[in-house]
Structures are given as C-alpha cells and as structure tokens.
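Colleague: I'm new to this one. Can you put it up and walk me through it?

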Amino acid sequence: MTPVPTLPLPSPRPDAAPAEPGLLSLVGRTPLARIHTPLPHPHPGFWAKLEGLGAGGMKARAAVSMLTGARRRGELRPGAPVVESTSGTLGLGLAFAGQALGHPVVLVGDTELEPSMRRLLRSHGARLELVDRPAPRGGWQAARLVRLREVLARTEDAYWPDQYNNPDNPAGYRSMAAELVDRLDHLDVLVCSVGTGGHSAGLAGALRRRWPRLRVVGVDSVGSALFGQPARPRLMRGLGSSIRPRNVRPELFDEVHWVGPAEATDACRRLARGSFVSGGWSAGAVALVAAWAARTEPGAVVATVFPDGPHRYLGTVYDDEFCAAHGLTGATPAARPLEIAHPGAAEAVGWTRCRTPRTRPAAGGAA
C-alpha cells in the first residue's frame with residue numbers, strides 16, 4: 001500500500017495556525033463494501049470504496065497531495081493562506097489539510113452551497129466567500145473563479161491549488177489505487193464519477209498498470225459540458241462541470257454515462273434502505289451505472305467509489321419535500337440507458353450512454 005506522504009514542517013509565519021501533522025495518518029484506508037441492493041433492478045453485486053468514512057472525505061487525498069506538492073516546490077510558504085473555489089467536497093478536504101499542515105483556508109463558494117455544509121466548513125476553521133449569482137457563461141464555477149482571483153489579489157502570500165488543472169490532484173489518488181489492488185485479486189470495470197477529473201485520472205493509470213484490460217466508465221451529470229454536451233443549469237453538485245478542467249482526460253474512458261438527478265436520487269435512497277451505505281448525488285449516479293455494468297457483464301468484477309456519505313444531503317436527496325418540489329420522486333429508472341453515437345449526437349436529459357467519449361464537439365449554453 002502506498003503510504004501517505006509526510007513532510008518536515010519548516011518554521012511557519014508568526015500568524016500561522018499550529019500544524020497537526022498527525023492528522024495525515026488518518027487519510028485513506030477506507031472500507032470496500034460489496035453492494036447487492038437492486039438499483040432498482042437485481043444485479044450480481046459490485047464493490048464500492050466508501051470514501052465518506054475517511055477523515056476529510058475523499059478529497060482529503062487530493063488536498064493533502066496538492067498542498068504537500070506545493071510546499072515541496074516552494075510555491076506554498078509555511079503558514080501561508082490557501083484559497084480555492086469549491087462546491088463543497090474539496091473544501092472539506094482542504095480544511096482538513098490546512099489543519100494538518102498549518103495553513104488558513106479561504107474557500108470561494110456560492111449561495112447554492114447547502115447551509116449545513118457552510119456551517120461544517122466554518123466549524124473546521126475555513127473562511128467562506130460566497131458569490132450570489134452565476135456568470136452568464138460558465139455558471140457558478142466561472143463566477144467563483146472571478147471572486148477567487150479577487151481574493152488572491154488582496155491576500156498576501158496566498159496559494160491557489162487550482163484543483164481543476166493541478167496534476168497533484170490526481171496524484172493524490174494513487175493511495176486509493178494501491179488500496180484497491182491490495183483488496184481485489186482482479187478488476188474488470190472501474191466506474192468513476194467525473195467532476196474535476198482527479199480521482200478518475202489518478203485511478204485509471206495506476207489500475208491499468210496492474211490490470212491492462214481494465215475498462216473505465218465515466219459518469220457525468222446531465223447538463224455538464226465535460227464530454228461535449230451543452231452546459232445547462234444543474235441541480236446536482238460535485239458531479240459534472242460547466243468548464244473543462246485539464247485533469248478530465250477523455251482518452252482514459254472507454255465510455256461515458258450521463259445521469260439525471262431523479263435517477264441518482266432513486267439510487268441513493270435504495271442504497272440507504274437496502275445497504276445502509278449510501279451517499280450523495282455522485283454516489284447514486286455511479287451506483288446506478290455500476291449495478292448496470294455488473295448486470296450486463298456476468299462474471300465481471302466491477303468497482304466504483306462513493307465519494308462521500310449521506311449527511312450533506314439530508315436537506316436535498318433525503319428530504320421528501322425537496323425531492324417532490326424538484327420532481328425527483330415517482331419515476332423508476334430504466335433498466336438500461338439510452339445510447340447516442342457521440343456526445344454531440346443528442347442532448348442527454350436522463351440516463352444516457354456513449355461509447356465514444358473522446359469525441360468532444362464544442363458545447364454551448366449556460367450553466
């Protein structure tokens with residue numbers, strides 16, 4: 001198993017928070033669970049890495065990797081502030097890494113960020129800057145990046161990890177790949193949610209070196225521009241994007257699926273009732289696709305990653321009033337996805353599959 005990196009901690013700035021390097025030992029080593037719950041159709045089972053049970057969540061791996069890499073290169077001074085844009089999950093990882101390494105953390109979010117997540121991030125010492133309207137092009141992410149640059153300009157010694165394009169982001173998931181290799185004798189299909197592209201890029205290369213014939217299936221959100229679909233407003237957070245990060249590498253994927261919020265919600269709730277193990281939008285979306293892959297490829301070993309647990313989503317995915325107000329209840333997901341020949345052939349409005357994700361026509365629209 002690849003050990004979590006540890007670094008000597010140079011003398012920090014006089015105003016820096018004290019570091020707690022012992023926290024780094026808590027990153028990773030999350031459980032791997034076998035899932036058999038019908039979603040909604042019976043399937044022979046798949047493996048799920050339960051990253052929500054790790055300290056700081058899945059993105060603590062990326063956050064620690066990005067900050068330690070920047071410190072090693074001299075880009076991040078001891079005790080200097082870290083400023084990043086986030087829809088929430090990386091923010092939690094950065095709050096963890098900031099405490100471990102002694103860096104104050106400023107997170108640029110938006111008013112769509114759940115109140116519970118705002119309280120959680122603040123309770124862990126992060127300072128929040130929230131934008132209150134999406135940009136005409138690029139949506140919330142573009143608006144957050146404008147504010148982020150303003151914060152950087154007025155914050156002395158600030159470091160921006162740039163999760164969307166930083167190669168230390170995918171490098172942080174090599175430890176997860178090592179954990180999967182340690183637990184599984186063989187793997188045929190890996191199902192990855194795609195947002196910043198970090199864990200899919202980090203896992204695909206490492207696991208293909210172990211199992212060269214591994215098929216990698218990407219799971220995106222409807223309304224996301226990552227694979228050439230038009231960008232639209234999206235209800236699901238943490239899945240998909242209205243911009244195209246460099247860490248998202250279409251050549252890594254054998255196929256891509258777009259999943260809608262009603263389908264992801266249905267899977268989350270079935271998981272919670274049938275497996276006790278569940279999560280948020282991304283977990284529901286990958287579970288739906290992983291169950292389909294296990295059902296359609298008898299004998300294949302299928303694994304996926306649940307990036308977080310259910311607690312952040314008690315006011316959305318698991319709230320009956322929210323789901324009813326957004327039309328997320330009452331429909332049973334199809335047994336199989338619709339298929340399109342290439343990402344520009346038709347707009348995905350529900351569960352849709354494409355076997356040529358490398359084709360990325362220009363996307364339009366607003367997010």
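Modeller: Start with the largest cavity, whose lining is Leu39, Pro40, His41, Leu288, Ala291, Trp292, Arg295, Ala334, Ala335 and Trp351. On a 1 Å grid over the protein atoms alone, a cavity is a set of points where a 1.4 Å probe fits but cannot get out, and lining residues have an atom within 4 Å of a point. This is a predicted model, where local features need pLDDT of at least 70 and side-chain atom pairs count only at pLDDT 80 or more, while totals for chains, interfaces and linings use all residues. Residues are numbered from 1 along each chain as its sequence is written, and side-chain values use heavy atoms, with hydrogens and water left out.

Colleague: How much space lies in the largest cavity?

Modeller: About 40 Å³. The volume is the space filled by probe spheres set on the grid points, which are joined across faces, edges and corners.

Colleague: How many cavities of 30 Å³ or more does the structure hold?

Modeller: One.

Colleague: And how does the lining divide by class?

Modeller: The lining of the largest cavity has eight nonpolar residues, one polar and one charged. Ala, Val, Leu, Ile, Met, Phe, Trp, Tyr, Cys and Pro count as nonpolar, Asp, Glu, Lys and Arg as charged, and the others, Gly among them, as polar.

Colleague: Back to Pro40. Is the peptide bond from leucine 39 to proline 40 cis or trans?

Modeller: That bond is cis, with omega near -5°. Proline 40 sits in the loop between β1 (32–35) and β2 (46–50). Strands here are DSSP runs of E, at least two residues, and helices are runs of H or I, at least four, numbered from the N terminus.

Colleague: What about the phi of arginine 29?

Modeller: Arginine 29 is not a glycine, yet its phi is positive, about 55°. The residue is in the segment before β1. Most residues other than glycine have a negative phi, and most peptide bonds are trans.

Colleague: Helices next. At what angle do the axes of α8 and α9 cross?

Modeller: Helix α8 (residues 261–274) and helix α9 (residues 281–296) cross at roughly 90°, and their axes come within 7 Å. Axes are lines fitted to C-alpha atoms, for helices over the stretch in contact, and angles run from 0 to 180 degrees between N-to-C directions. The two helices are therefore roughly perpendicular to each other; that label covers 65 to 115 degrees, with under 35 roughly parallel, over 145 roughly antiparallel and the rest oblique.

Colleague: Which residues of α8 and α9 meet?

Modeller: Among them are Pro261, Cys268 and Leu271 in α8, and Trp281, Ala287 and Leu288 in α9. Contact means heavy atoms within 4.5 Å. By class, this contact has 10 nonpolar, two polar and one charged. Leu288 also lines the largest cavity.

Colleague: And how do α1 and α2 cross?

Modeller: The axes of helix α1 (residues 59–73) and helix α2 (residues 89–101) come within 8 Å and cross at roughly 50°. That makes α1 oblique to α2.

How values were computed: On a 1 Å grid over the protein atoms alone, a cavity is a set of points where a 1.4 Å probe fits but cannot get out, and a pocket is an open set with protein on both sides within 12 Å along at least five of seven lines; lining residues have an atom within 4 Å of a point.
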